[in-house]
Amino acid sequence: MEERYPPLLVSVLCIGFAVLYLPILVLIAYSFNASPLVSVWGGLSTAWYVKLVHNRELLAAALLSLEVAVTASTVAVVLGTLAAIALVRFARFRGRLLLTGMVTAPLVMPEVITGTTQLLLFVSLLQTFSWPHRGFLTIVLAHITFCIAYVTVTVQSRLQGADRSLEEAAQDLGAGPARAFLEITLPLISPAIVSSWLLSFTLSLDDLVISSFVTGPGATTLPMLIYSKVKLGVSPDINALASLIIGIVGSCVVLAGWLMRRTEQRRELETRMAEQSEESSLGAAPAALRPPRAEARALRFPS
Amino acid sequence: MPFFFTLKISFAESVIRIPPFTDVLTRTADHHLRLTLSLTSFRYLFTDELYGLAYLFSLRTAFLSTLICLLLGYPIAYAIARAPRSAQNILLLIVILPFWTSFLLRVYALEAIIDNDGLLNTLLLRLGLISHPLIIMRTNLAIYIGIIYSYLPFMVLPLFATLEKLDRSLIEAATDLGSPPWRAFLEITVPLSMPGVIAGSLLVFIPAVGEFVIPSLLGGPGNLMIGRVMWDEFFGNHDWPVAAAVAIAFLVLLVGPIAIYQHVSGRQLEG
């Protein structure tokens, strides 16, 4: 049954991962280089990080990017989840195909096109309604639109896998649709909601092309600033900044993945325990042996 | 129920806003700027060979890098799919992690390696393998490297998804019936993983065609990726109708066929 894992495949994995990570590791290494030249190693130094903290322009851009990312991903998660529910739960309604197309379109469209079209939209809106003015607002709106696509797809796949009968059972037991949704469906799809929020957040934080198109005077996001600096070549303080961002994002993703896995495992464990306790209660086991969770469940859903 | 319906309609409008508006919009923008202009910008596309060349160059670049991505990604996906189940999650996380970190910064990180006085050249010079630094930066080769490096995770994930679901007993049956492992791989594993191959290729190909960041950071001034042409038209020449026309032509030529293809293949799966 167990077969030996071929050494060839191990080496393939090693090479593949090396290719993926080597540039990032090199970048981090250079960020501690005392010499500003890439080709010269001048010893360890944290001077570039110190310089970073004193860069006003950079801090302002970073703050703006964070604001945009938080607003856009939060709104996108709400709208995207609703879209996913509509697509999964309502088999046919007018414009279903249209909605599917609209939702997935930003996923396949090149960024340059999304950026152009959105800018043209905002400009013509401004002409007709004299709203919105280009800047923070238009960046957020543009980010919301492309984030919705990712949220919808993620939540949709989770919702399709979710057990509909649980929600129906709750409604049979007298819970209103709103309550059944809030207490049953929402917790079921919460992992997808969390991960799609994180995805939207990173995508928004990272976006250069779309922001550049729709931005106005005075609104420079972090990627836009980085791009304009990087265009001139390798520079050591960008190395430091990049390492910082990669470090933060990387550890967040690992942490989120670990937390999600733990909750899933705990939930599985709980279900198993609950099932066991139900079996044992059939055999008239003493109530004290039942885990408290199962007790609570029995109280809430009297059979 | 009415509550749901109002919600559904309220969000539907906000979602629907993007593409149809753009479609109408480019037209209205042209109408606004006189009707003749709408035709001239399109005619301009056909008369100036720059745009045709840019399309062809973008398609070629994207096609080649997708192919190389496939050749690199397939072994990686295969190796992960064959790994013990407990290790798979961690291996997948390692593949996905670069995708979460900034795209722009990863392209930038690449620059430090392939630059004329970058790590690669320094290393090769020290080892005495080359006498002059290799010129990779600002060439088309740099664009290929950039695209392949950035989009490799997109290729590995769908490939892994199909390879993992693959029924291993089929391969066992083939080997039992006397076919050598390489033949079993070619005749069973490869055909069965075709959906993953197609999905991965599309995921790499489509963004690669419209790529802007990579050619503008790594490529030379002479390269004409369509994304870059659009960007220049917008920010350099401020010729918005032409940029819009490029966008529309691009959509019709590229995204249209792919959407139809997916629609048809989806029908086939259902039927």
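What pattern does chain A follow, read along the sequence?

## Basis and overall fold

Read along the sequence, chain A follows α-α-α-α-α-α-α-α-α-α-α-α, and its secondary structure comes to twelve helices and zero strands. Helices (H or I, at least four residues) and strands (E, at least two) are DSSP runs numbered from the N terminus.

The model is predicted, with local features needing pLDDT of at least 70 and side-chain atom pairs counting only at pLDDT 80 or more, while totals for chains, interfaces and linings use all residues. Residues are numbered from 1 along each chain as its sequence is written, and chains are lettered from A and ligands numbered from 1 in the order in which they are written.

## Burial in chain A

Of the 303 residues in chain A, 37% are buried, that is, have 20 or more other C-beta atoms, placed from the backbone, within 10 Å of their own.

## Helices 5 and 8 of chain B

Helix 5 (residues 85-100) of chain B packs against helix 8 (residues 140-165) of chain B at an angle of about 145 degrees, with axes 9 Å apart. Axes are lines fitted to C-alpha atoms, for helices over the stretch in contact, and angles run from 0 to 180 degrees between N-to-C directions.

Leu92(B), Val95(B), Ile96(B), Pro98(B) and Phe99(B) of helix 5 of chain B make the contact with Pro153(B), Val156(B) and Phe160(B) of helix 8 of chain B; contact requires C-beta atoms, placed from the backbone, within 7 Å.

## Helices 4 and 11 of chain B

Helix 4 (residues 49-82) of chain B and helix 11 (residues 194-209) of chain B pack at about 140 degrees, their axes 9 Å apart. Residues of helix 4 of chain B in this contact include Ser58(B), Phe63(B) and Gly73(B).

Notes. Contact = placed C-beta atoms within 7 Å. Buried ≥ 20, exposed ≤ 12 C-beta atoms within 10 Å, placed from the backbone.
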